[in-house]
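Colleague: Before I use these labels, I would like to hear what stands behind them. Please take them one by one.

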Amino acid sequence: VGFSLPPGLPLAAGTQPSPLLPGRSSPPLASVSRRKSPTSRAGQGLASAVRMMSATDKLPAGYTRRAVWRTEEPGDLKRLRLQTDTLPPPAAGEVRVAIQAVGLNFADVFTALGMYDAAPQGEPVIPGLEFAGVVEEVGERLRTKQKKVDVERSADGRKYVVKQQQGQQDKQGDEDGLPTRDLRPGDRVMGFTRFGAYSTHVNVGTPFIRRIPDEWSYAQGAGFVVQALTAWYGAMQLGAAPRARSMLVHSAAGGVGLFSLQICQMFGVVPVAIVGSEDKARFLQDTMGLKASQIIVRPYREKEFRRRLEESLRAIGCEGFDIVMDSVAGKYFQAGYDNLAPGGRHILFGAATYTPRGDKGKVWTSPEFWYSIVPKFLSRPTLDVQNMIGENKSVAGFNLIWLTDGKSDPKELGRLINEILQPSVRWMPPIIGKTFPFTEVLEALRYFKSGKSVGKVVLTVSEDDADKGSAQ
């Protein structure tokens, strides 16, 4: 998900997770002199280069040793360090998950590059929003309560309704809006955390985790929650997809793009997909069954992009798009907005156009920051809100991470997760384009932001990764 902050703007103060929020970390038990660890296994001999904490080191009851990727000064990918620290027992309302796979998102890239306003400011940060793994320990006896819901079309087929099934609910379940269900050690789960997923273990609140479908791998579980939530919230709640005839999907071969295309299939919406290469165009034809006339390989020039959008609209027999799902923004925003149908909605949830080519982001001494990123920001499109009234068009921007800011009800995000996991909402298993070992975070992030990937890029965690890292 592209949770990005346009560069050059002041960053908002970050909010630390609390036990009621998705993720919780703790300071190390003891102060240990820091030592830089290698950032890649390639040519560096990770096993011999890092200093591991001794297996005989005693930890207080309930604590566990883990490895994390942490940056103490965001702005450069190379500042990410593989470190070892300790995690306290899960608090009430939490479980501890031994992570098996981590899904990469643009939020991770922008967090490491110092360009993400939701990240904690002025302190070390562990990137990562989504993961899959095994419940290792539960905080007191927990029950996650969820009401069973189904999405159905209305009788006229013009909208969707959420129907609650009748069933016995205890008092707390009714208050939470969430069916009774136990989480036990050994359960395979997938979930969301407010940072901290670049780790071998994490404590997380139960509203933000669910069991992985039996037929899915851990990598597929790590590639589901954030992407599906973003597509569902954007296209359904903001875009009113069941009423739409057409949808323009940017970065359609990526995680959110593929889920957006599936929403089109669910409700009979005709999509036009934007991709970055001919290989991705063929991928969508083979995987999603799109016609060549429904796919645009993104041209460099805005004028050519506009012309191809108009050609695609004629090919699908529509005067304009009812929904634009936009994770790119920048110079590609205006053409999409101009080609909205009356009543159309431009849904903006990312700004991948600001992604630096190299390893440096918001670094004042970086030439790329001043010669590439800043000019893009200063030339960003603007809208006349008065004209929007006459054009009958709207723009909606969102970032789901703010539902975990400590001010919003954490159960709201849990309810959204329930919606995307309803039996009536049938997703294809997440497509995993490429996996990297947990120890190769830099290589993974560089590949991810290169624009070459399809589907989801995932880090896989091995059993001995918890001991790989310099002590903090």
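Modeller: Helices (H or I, at least four residues) and strands (E, at least two) are DSSP runs, numbered from the N terminus. On that numbering, Ala 329 sits in the loop between strand 16 (321-326) and helix 9 (333-338). The model is predicted, so local features need pLDDT of at least 70 and side-chain atom pairs 80 or more, while totals for chains, interfaces and linings use all residues. Residues are numbered from 1 along each chain as its sequence is written, and side-chain values use heavy atoms, without hydrogens and water.

Colleague: Why is Ala 329 called buried?

Modeller: Buried means under 20% relative accessible area (exposed is over 50%, partly exposed in between; 1.4 Å probe, protein chains only). Ala 329 has 8%, so the residue counts as buried.

Colleague: What makes the phi of Ala 329 worth a remark?

Modeller: Most residues other than glycine have a negative phi. Ala 329 is not a glycine, yet its phi is positive, about 65°. Phe 195 also has a positive phi, about 70°, and lies in the loop between strand 10 (188-192) and strand 11 (201-205).

Colleague: Why does Phe 195 count as buried?

Modeller: Its relative accessibility is 7%, therefore Phe 195 is buried.

Colleague: Why is helix 5 called oblique to helix 6?

Modeller: Helix 5 (residues 225-238) and helix 6 (residues 255-267) pack at about 50°, with axes 8 Å apart. Angles under 35 degrees count as roughly parallel, over 145 as roughly antiparallel, 65 to 115 as roughly perpendicular and the rest as oblique. The pair therefore falls in the oblique class.

How values were computed
Axes fitted to C-alpha atoms, helices over the stretch in contact; angles between N-to-C directions.
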